[in-house]
Amino acid sequence: MEKIINSFLKEVSSRNQNEPEFMQAVTEVAENVIPYIVQNKIYYGQNILLRMVEPERVLSFRVAWIDDNEEIQVNRGYRVEMNSAIGPYKGGLRFHPNVNLSVLKFLAFEQIFKNSLTTLPMGGGKGGADFDPKGRSDTEVMRFCQSFMTELFRHIGPNRDIPAGDIGVGSREIGYLFGQYKRLKNEFTGVLTGKGTSWGGSLIRPEATGYGVVYFTEKMLENQGNSFKNKKVVISGSGNVAQFAAEKCLSLNAKVLCMSDSSGYIYEKEGFSKEQLSHIMEIKNIKRGRIQEYQKKYPKAIFEANKKPWGIVCDIALPCATQNELTFSDAKLLVKNGCFCVGEGANMPSTPEAIKFFYENKIFFAPGKASNAGGVAVSGLEMAQNSLRYSWSRKEVDEKLKKIMADIHKSCLEFGSEKEYVNYVKGANIAGFVKVAEAMLAQGVV
Ligand code: NDP
């Protein structure tokens, strides 16, 4: 088996050189899915995985725009349309200086499996630009978004490719992108998700990824006769996913001890109160400031500059910032300090060595493609509401989200249950694979 996997990975890596993040994501899937393919004759000999790792289309384009000093700036924009076997391409846009093709291909590849797990009809895609919105004025962000969309609009559409937000792309950016799309196409359609609720957005979409992570983690805990109540939780990041994961943890009576950003972490020994969490949201969403500013109002909190939070004693860790933020040494520290459950809010935040360590120590570990699928699931519900020209209530959407997360958990149990342990990585990869593979087989070699 090892020989088959290695020869597959060798072929993929020779075609995708200098793409470490993409190869990391492909390797994890190959290790789980190839043994399954070998055991299941309908998939064997069809080169299904080789077809899945090749994007259906990759777009790369110049984004030129003028900053507030009237200087001309040039960024690179991308859209990776990875797989449309089960529905139109769906996946977020990321604006961050470290965006490159390797990062977007890993995200688009993960998105195939995640979208499949939601059971909604969505293919996989991802896009973005190496543009950093941090420190830019609103008008600069608007001009950038308008220039970006002036190229992207040719390639997307409500039945073709429906982008959403991701790191650096929140409601402000989605608004500017949608405005420019509408102006260019002269059409009001559900071409983006994460829209404002007064112009086609779904209730609960901003909360969905963070809430979904906690709903999934709660299912893992329940499966072991446990719960969030009184648990100490460490969260990394303080963006969209981290904020609403923290909010849901508080409502389940857990203690959230920490949140972070790329400049360091803030630690509240007794856990954040609702008011304290609102203050973090205000710093991040309204002032667009740094996490350290929290200390001005709450001086007893500890701020650790340029440090990751994984040394804090906790029961549950929810990495919600970015890829590869939780390494082998972080995993060792977490386990040594008593952490027994990890739910990924970000995409691929744990390195392969960290995941292996969690597996060996029988830590309940939820991979992002399962546990953070709530965001894209509610995006799928937003698409459905746009098509119906109707909107569901907060309660209705939240119930649907909860059910989808519970169903994803069930699929992981179906394919990932081992003796006295659930391998959620294996479960998510195989369950996500099966639906897409069946659609690809039915649609022929295209
Ligand atoms: P945001 O831009 O809202 O927040 C990102 C957070 O992560 C910020 O606190 C940011 O800090 C921090 N961060 C980013 N890069 C780094 C880094 N290199 N080191 C340390 N901290 C960093 O993004 P989201 O909350 O939307 O996304 C977070 C993660 O969740 C990403 O992996 C994303 O792909 C994933 N995800 C998001 C979904 C969504 O619906 N939004 C859906 C599914 C997954 P700073 O402000 O300093 O940059």
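The sheet I want to start with has 7 strands and is open, and its order is E9-E8-E7-E6-E10-E11-E12, with mixed pairing. Its edges are strand E9, residues 302-305, and strand E12, residues 364-366, each of which pairs on one side only. On average, neighbouring strands here are turned by 15° against each other, direction ignored. Please keep in mind that this is a predicted model.

Take strand E6, which has E7 on one side and E10 on the other in that order. E6 covers residues 232-236, and with E10, residues 316-319, it pairs in the parallel sense over 4 bridges. Within that pairing, isoleucine 235 stands opposite leucine 318 of E10. Towards E7 the run is again parallel, and 3 bridges join E6 to E7. There valine 234 is opposite cysteine 258 of E7. How many of the 5 residues of E6 are buried? The count is 4, so I would call E6 mostly covered, taking buried as under 20% relative accessible area.

Helix H7, residues 205-222, lies across E10, strand E11 at 341-343, and E12. Its direction is at about 150° to E11. Helix H8, residues 240-251, also packs on the sheet, where it touches E6, E7 and E10. The strand E7 spans 255-261, and the direction of H8 makes about 175° with that of E7.

Lysine 362, in the loop between helix H12, residues 352-360, and E12, has a positive phi of about 55° although it is not a glycine. The relative accessible area of lysine 362 is 42%, so it is partly exposed, as it falls between the 20% and 50% cut-offs.

A second residue of this kind is glutamate 420, again not a glycine and with a positive phi of about 55°. Glutamate 420 sits in the loop between strand E13, 417-418, and strand E14, 421-422. Is glutamate 420 buried or exposed? With a relative accessibility of 79%, glutamate 420 counts as exposed, because the cut-off is over 50%.

On to the other sheet. This one is open as well, with 5 strands in the order E1-E2-E4-E3-E5 and mixed pairing. E1 and strand E5, residues 161-164, are the edge strands, each pairing on one side only. E1 and E2 run antiparallel and are joined by 10 bridges. One of the bridge partners to look at is valine 74 in E2, which goes with alanine 64.

Helix H5, residues 138-152, lies across E1, E2, E3, E4 and E5, at about 140° to E1.

Between E1, residues 57-66, and E2, residues 72-83, there is a loop that holds aspartate 68. What does aspartate 68 touch, leaving out residues up to four places away in sequence? The contacts are Ser137, Thr139, Glu140 and Arg143. The C-alpha atoms of aspartate 68 and arginine 136 are separated by 8.8 Å, although the two are 68 residues apart along the chain. Aspartate 68 is partly exposed, at a relative accessible area of 39%.

Helix H1, residues 2-15, has 14 residues and reaches 20 Å from its first C-alpha to its last, close to the 20 Å expected at 1.5 Å a residue. Its buried residues include Ile5, Phe8, Leu9 and Val12. These lie on the same side of H1, because they cover an arc of only 95° around the axis. The exposed residues Lys3 and Lys10 are on the face of H1 turned away from the buried side. Among the elements covering the buried residues of H1 are helix H2, 20-39, and helix H3, 48-52.

H2 in turn meets helix H16, residues 424-443: their axes come within 9 Å and cross at roughly 65°. The crossing is right-handed. H2 contributes Glu28, Val29, Asn32, Val33, Tyr36 and Ile37 to the contact, and H16 contributes Val425, Lys426, Asn429, Ile430, Phe433 and Val434.

Conventions. Residues are numbered from 1 along each chain as its sequence is written. This is a predicted model: local features need pLDDT of at least 70, side-chain atom pairs count only at pLDDT 80 or more; totals for chains, interfaces and linings use all residues. Side-chain values use heavy atoms; hydrogens and water are left out. Two strands pair if DSSP finds at least two bridges between them. Helices (H or I, at least four residues) and strands (E, at least two) are DSSP runs, numbered from the N terminus. Axes are lines fitted to C-alpha atoms, for helices over the stretch in contact, and angles run from 0 to 180 degrees between N-to-C directions. Contact means heavy atoms within 4.5 Å. Buried means under 20% relative accessible area, exposed over 50%, partly exposed in between (1.4 Å probe, protein chains only). The expected span of a helix is 1.5 Å times one less than its number of residues. The arc is that of the directions from the helix axis to the C-beta atoms. A crossing is left-handed if the near helix is turned anticlockwise from the far one by less than a right angle, and right-handed if clockwise.
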